[in-house]
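This report covers a pocket, a sheet and the aromatic pairs of one protein model. The sequence and structure come first.

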Amino acid sequence: MPAYAATPACISVSNVASTAFTLGGAGGSLNSNVATIRIDELLDLTLSPGSGTVSIPTKELAAVPFVLVNTGNGHEAFLLGGRIDGAQAVVEGFAVDRDGDGHFDGATDLAIDPASATPPLAPGASLRLLALVRGGAAAASATLVVTARAATGSGRPGSEFPGQGDTGCDAVVGASSGLATATVALSVAPGTDTGQIALVKSQRIDAPGGGADPVRGATVTYTIESRFGGTGVVRAARVADPIPTGTAYVPGSLRLDGTALTDAADTDTGDFDGSAIHVALGDVPAPVTRTIQFQVTIQ
């Protein structure tokens, strides 16, 4: 039965029988005693990877996404664990991917210590998780194994934990054994350090009457070259550039590698928020150069 349709854990289900009868020409009725059952918490879950194969850079922290679902009928927290087979890499911890972008941002996402549990999940609720992995020596292939188990307990299906479930009711292990495992294939690639990343900015001035004088009404075209050296993968790269004081942004002038981007924050990778341009480059496999252009007019 789907978790959202299951009877919630720890509620009481009561039943009373009644009878109606005629005795000595007079009608009568009576009720039975109340029979009450308190529903046990069912400890069940699923864990699935967000990607089949992930490349992680050497000696850099990478995030590998997973989705945890509480398929039980009570509010339950889950303990996480992980290991990497076949490469000199380690699982440093986990995080709740609050914005769902598949990348770890310490200012946004909730870090979870390996010895701690996730926040409690309601029945049927899911949680986007990130395994935080740091690559060691480069390797052709490896396997990341992540486990999640109910904090109340796990074991053989049908095992009981009296008074240990949601709000103190009894708990019983479901078909999953209160434990789920998911694996992701990893490749550990050579890394790219910050010394191999550079932003190079240039400008061109086009005056109203021709020439390159920086006069009122002249158009300035800015070009930003985002240069990524090495052979690794730069994760979640973003570029922002405030519009200079004394100038006005030219609507529709934003471009990435020669392709026009809209000014609105929509489905493409760029936008203008009224004071600065923003371009999300995403995961960039080095070596490569990405070129951003936009225009302003001198006021």
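## Largest pocket

The lining of the largest pocket divides into 7 nonpolar, 3 polar and 6 charged residues (Ala, Val, Leu, Ile, Met, Phe, Trp, Tyr, Cys and Pro count as nonpolar, Asp, Glu, Lys and Arg as charged, and the others, Gly among them, as polar). The model is predicted: local features need pLDDT of at least 70 and side-chain atom pairs count only at pLDDT 80 or more, while totals for chains, interfaces and linings use all residues. Residues are numbered from 1 along each chain as its sequence is written, and side-chain values use heavy atoms, with hydrogens and water left out.

The volume of the largest pocket is about 350 Å³. Of its 16 lining residues, Ala63, Gly102, His103, Phe104 and Arg235 are the closest to the centre. A pocket here is an open set of points on a 1 Å grid over the protein atoms alone, where a 1.4 Å probe fits, with protein on both sides within 12 Å along at least five of seven lines; lining residues have an atom within 4 Å of a point. The volume is the space filled by probe spheres set on the points, which are joined across faces, edges and corners.

Strand S8 (61-70) and S19 each supply at least two lining residues. S8 gives the most, with 4 residues. Strands are DSSP runs of E, at least two residues long, numbered from the N terminus.

## Three-stranded sheet

S19 also belongs to an open sheet of 3 strands, in the order S19-S24-S23, with antiparallel pairing. Strands S19 (233-242) and S23 (270-272) are at the edges with a single partner strand each, so one side of each has no neighbour in the sheet. Two strands pair if DSSP finds at least two bridges between them.

S23 and strand S24 (residues 276-285) run antiparallel and are joined by 3 bridges. Phe272 has Ile277 in S24 as its bridge partner.

## Aromatic pairs

The structure holds 2 aromatic pairs (ring centres of Phe, Tyr or Trp, the last by its six-membered ring, within 6.5 Å; planes under 30 degrees apart are stacked, over 60 edge-to-face, the rest tilted). The ring centres of Tyr222 and Phe294 are 5.4 Å apart and the planes are at 40°, so this pair is tilted. Tyr222 is in strand S18 (residues 219-228) and Phe294 in strand S25 (residues 288-298), so the pair ties together parts 72 residues apart in sequence. Both Tyr222 and Phe294 are buried (under 20% relative accessible area; exposed is over 50%, partly exposed in between, with a 1.4 Å probe and protein chains only).

The rings of Tyr249 and Phe272 have centres 4.2 Å apart and planes at 25°, so the pair is stacked. Tyr249 in strand S20 (residues 247-249) and Phe272 in strand S23 are 23 residues apart. Tyr249 counts as buried at 10% relative accessibility, whereas Phe272 is partly exposed at 22%.
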